[in-house]
Amino acid sequence: MLAFKLDEAYQFTMELAREAGAILRERFGTALTVEQKGPADLVTEADRLSEAHILRRIRERYPDHDILAEESGLQARSGAFRWIIDPLDGTTNFARSLPLFGVSIALEVEGELALGAIYDPMGEELFSAVKGRGAWLNGEPIRVSTVERLEDGLFAMAFPSALRRTPMAQKSLAQFAVFSQRSLGVRRLGTAVLELAYVAAGRLDGYWGLELNAWDMAAGVLVVQEAGGQVSGLDGSPFRLDGRQILASNGRLHPTMVHRLAEAGARDGAALPGQEEGRP
């Protein structure tokens, strides 16, 4: 019975991700009301319209389910089922007419991620997964890369939204330096959900981020895992959705990435540019 219902929920989720993506696509590149929630943390009317549509459709279909969404927070009902929603990940890109952003929808069943969908409205790419069944891109199976050496790897990372002269900034810049010196390169695309999807599809070999929220990671975690990848904390510890951090990889590179991130942690006391001795 649960499997049948999960199949229905999966189809519903894919439809819903496409519908929300259409709302974003229609407003992309137009004049928008943009507000600032915090340092380097924007919200637009498109975020709110997308989220309102997603919430309305879930409430119509599953009125007793919990919903955790970026703009409206937690709406608790039953506790057994929880939807985790990011209606627009990559808001800064969207607001500046950069076509890199996505919609992320995941469903937890009794505390475990059961299904997820990530939709790129501009590329019309829908990444999805069901626990124990695999991951897909527009209906075709996807797998993580087979890269085994860090030197051959292409990575992405998420800097904290407010990258200032703080200990967190030092840590992120040290991580960027360590991986840039030892790999093909490190990208910062500005959208965690697509970066995780790209790891799942083998376009990237690894991704890590700090100060992330559950809605940034939920769907992507499942898509990466079902594509054969590995997900953990930055130190290799078991992944926690409320842990505010993630390391995702093709699995082969995971131990090396954990080691290099630890190496960066040992370096993060080094001076940032502009903070050399004798300079403020």
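Colour the protein chain by secondary structure: there are seven helices and 15 strands. Helices (H or I, at least four residues) and strands (E, at least two) are DSSP runs, numbered from the N terminus. This is a predicted model, in which local features need pLDDT of at least 70 and side-chain atom pairs count only at pLDDT 80 or more, while totals for chains, interfaces and linings use all residues. Residues are numbered from 1 along each chain as its sequence is written, and side-chain values use heavy atoms, with hydrogens and water left out.

Next, colour by accessibility. Of the 280 residues in the protein chain, 51% are buried; buried means under 20% relative accessible area, exposed over 50%, and partly exposed in between (1.4 Å probe, protein chains only). Of the contacts in the protein chain with a separation of 6 or more, 63% are between residues 24 or more positions apart, where contact means heavy atoms within 4.5 Å.

**Aromatic pairs**

Show the side chains of Phe, Tyr and Trp. The structure holds 11 aromatic pairs. Rings of Phe, Tyr and Trp (its six-membered ring) pair if their centres lie within 6.5 Å; planes under 30 degrees apart count as stacked, over 60 as edge-to-face and the rest as tilted.

Select phenylalanine 12 and tyrosine 62, an edge-to-face pair with 5.6 Å centre to centre and 75 degrees between the planes. Phenylalanine 12 lies in helix H1 (residues 2-27) and tyrosine 62 in the loop between helix H2 (45-61) and strand S3 (66-69), so this pair ties together parts that are 50 residues apart in sequence. Phenylalanine 12 is buried, at a relative accessible area of 1%; tyrosine 62 is also buried, at 15%.

Now move to phenylalanine 28 and phenylalanine 94. Their ring centres are 5.9 Å apart and their planes are at 55 degrees, so the pair is tilted. Phenylalanine 28 is in the loop between H1 and strand S1 (34-38), and phenylalanine 94 is in helix H3 (residues 91-95), so the pair ties together parts that are 66 residues apart in sequence. Both phenylalanine 28 and phenylalanine 94 are buried.

**Helix H6 and its neighbour**

Select residues 214-226, helix H6. From first C-alpha to last, its 13 residues reach 18 Å, close to the 18 Å expected at 1.5 Å a residue; the expected span is 1.5 Å times one less than the number of residues. At glycine 220, H6 bends by about 25 degrees, the bend being the angle between axes fitted to the seven residues ending there and the seven starting there. Since 12 of the 13 residues of H6 are buried, the helix is largely enclosed by the rest of the structure. Among the buried residues are Trp215, Met217 and Glu226.

The axes of H5 and H6 come within 8 Å and cross at roughly 5 degrees. Axes are lines fitted to C-alpha atoms, for helices over the stretch in contact, and angles run from 0 to 180 degrees between N-to-C directions. H5 and H6 are therefore roughly parallel to each other; angles under 35 degrees count as roughly parallel, over 145 as roughly antiparallel, 65 to 115 as roughly perpendicular and the rest as oblique. On the H5 side, the residues that meet H6 include Leu196 and Val199; on the H6 side, they include Gly220 and Val224.

**Positive phi**

Step just past H6 to glycine 228, where phi is positive, about 100 degrees. Then select glutamate 124, in the loop between strand S7 (112-120) and strand S8 (125-130). Glutamate 124 is not a glycine, yet has a positive phi of about 50 degrees.

Finish at arginine 244, in the loop between strand S14 (230-232) and strand S15 (245-249). Its phi is near 70 degrees, a positive value in a residue other than glycine. Arginine 244 is partly exposed, with a relative accessible area of 36%.
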